[in-house]
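Open the model in your viewer and keep the sequence panel beside it. This tour tells you what to select next and what is there.

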Amino acid sequence: MNGTVTMEGVSKSYGKRNVLQNINLTINESSIYGLIGPSGAGKTTLVKMIVGMDQPDRGSIYVLQQQVPNLQLLQKIGYMAQSDALYSELTGKENLQFFASLFKLKRDEMKERMTYVANLVNLTEELPKKVSAYSGGMKRRLSLAIALIQNPAILILDEPTVGIDPELRYSIWNELMRLKREEGKTIIVTTHVMDEAEKCDCIAMIREGSIITTGSPQALKNEFAAGHLDEVFLKAGRI
Ligand SMILES: Nc1ncnc2c1ncn2[C@@H]1O[C@H](COP(=O)(O)OP(=O)(O)OP(=O)(O)O)[C@@H](O)[C@H]1O
């Protein structure tokens with residue numbers, strides 16, 4: 001069992017609906033792994049199971065060689081959900097402080113991390129404001145800052161750049177690539193934006209709860225003789 005995250009034969013149903021079917025994947029350390037697929041494909045369900053928020057009906061999940069769920073893993077995983085889980089009556093700073101306090105950070109480290117994450121998402125000026133006064137994009141940025149607060153080894157981001165303007169999206173992606181390269185982070189991103197998929201080291205294309213193909217963007221384009229990942233998705237889905 002190699003890899004930072006491994007899924008073996010994972011299936012999940014809600015009632016009669018099979019949401020994930022026999023998912024097998026290995027996500028390597030210090031890489032950006034994209035889960036790509038249309039709305040309803042099962043991406044959120046998949047990442048929630050890696051975080052330990054939901055359990056598979058069948059199969060096993062390992063994170064850092066430990067079987068999920070495991071409370072000790074929570075310190076090592078930063079999770080940004082699709083819908084923002086923020087306290088709207090608190091300020092941005094108070095939200096950051098609250099989430100930071102859930103982790104074992106020393107006082108100086110907490111301060112340092114708060115400055116770093118706020119700066120990263122370009123929210124430093126807005127931190128004294130109540131979250132109820134934030135725009136949708138600002139809430140996404142604060143959620144991303146919170147996912148990074150405890151300096152986790154693994155970062156799981158569910159549609160991180162929805163509602164974020166192109167300039168900030170660009171700088172967030174640059175930072176994700178730096179975190180991988182210089183700090184060895186493992187980053188898992190869900191998206192349906194193919195331009196973002198292009199930036200991943202490896203992607204899994206998911207359709208109706210199954211992985212239809214995996215590989216690096218370039219290898220997939222070669223394999224399917226496709227100019228663009230959209231075309232790969234269409235061709236892989238026909239097999
Ligand atoms: N708790 C739940 N109870 C019942 N059905 C669920 C639940 N969570 C997800 N589903 C269903 O599972 C399927 C996959 O949902 P999921 O949110 O994982 O997809 P997704 O690929 O993340 O889509 P999106 O990009 O729109 O978020 C959908 O049909 C959804 O309605």
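Two residues are in contact if their C-beta atoms, placed from the backbone, lie within 7 Å. By that rule, residues 24 or more positions apart account for 64% of the contacts in the protein with a separation of 6 or more.

A word on the model before you click. It is predicted: local features need pLDDT of at least 70, side-chain atom pairs count only at pLDDT 80 or more, and totals for chains, interfaces and linings use all residues. Residues are numbered from 1 along each chain as its sequence is written.

**Stop 1: the whole protein**

Show the C-alpha trace. Along the principal axes, the C-alpha atoms fill a box of roughly 55 × 35 × 35 Å. The radius of gyration is 18 Å, which agrees with the value near 18 Å for a compact globule of 239 residues. That radius is taken over C-alpha atoms, and the globule rule is 2.2 Å times the number of residues to the power 0.38.

Now switch to cartoon. The protein has eight helices and ten strands. Both are DSSP runs numbered from the N terminus: helices are H or I with at least four residues, strands are E with at least two.

How much of the protein is buried? Of the 239 residues, 39% count as buried. A residue is buried if 20 or more other C-beta atoms lie within 10 Å of its own, exposed if 12 or fewer, and partly exposed in between; C-beta atoms are placed from the backbone.

**Stop 2: the four-stranded sheet**

Select β1, β2, β4 and β5. They form an open sheet in the order β2-β1-β4-β5, with antiparallel pairing. β2 (17–27) and β5 (66–67) stand at the edges with a single partner strand each, so one side of each has no neighbour in the sheet. Strands pair if DSSP finds at least two bridges between them.

Zoom in on β4 (residues 58–63) and β5. Two bridges join them in the antiparallel sense. Pick V63: its bridge partner in β5 is Q66.

Axes are lines fitted to C-alpha atoms, for helices over the stretch in contact, and angles run from 0 to 180 degrees between N-to-C directions.

**Stop 3: T4**

Go to the segment before β1, where T4 is found. Is T4 buried or exposed? T4 counts as buried because it has 21 C-beta neighbours inside 10 Å. Leave aside its neighbours within four places in sequence, and the contacts of T4 include I27, V63, I154 and T186.

**Stop 4: the six-stranded sheet**

Select β3 and β6 to β10. The six strands form an open sheet in the order β6-β7-β8-β3-β9-β10, and the pairing is mixed. At the edges stand β6 (77–80) and β10 (210–215), each with a single partner strand, so one side of each is left without a neighbour in the sheet. Neighbouring strands here are turned by 15° against each other on average, direction ignored.

Select L35. On one side, L35 stands opposite T190 in β8; L35 also stands opposite A204 in β9. β3 (residues 32–36) runs parallel to β8 (residues 186–191) over five bridges. Four bridges join β3 to β9 (residues 202–207), again in parallel.

Follow β9 into β10. This pair is antiparallel, with five bridges, and R207 has S210 as its bridge partner in β10. The two strands form a hairpin with two residues between them. Click E208 in the turn: its phi is positive, about 45°.

Helix α4 (residues 136–147) lies across β6 and β7 (154–158), running at about 170° to β6.

**Stop 5: the ligand**

Select the ligand. Which residues surround the ligand? They are Y14, V19, G37, S39, G40, A41, G42, K43, T44, T45 and Q82. Each has its C-beta atom, placed from the backbone, within 6 Å of the ligand. Three residues, the largest share of this shell, come from helix α1 (residues 43–51).

Colour the shell by type. It divides into three nonpolar, seven polar and one charged. Ala, Val, Leu, Ile, Met, Phe, Trp, Tyr, Cys and Pro count as nonpolar, Asp, Glu, Lys and Arg as charged, and the others, Gly among them, as polar.

**Stop 6: helix α3**

End at Y116, found in helix α3 (residues 107–120). Y116 has 13 C-beta neighbours inside 10 Å, so it counts as partly exposed.
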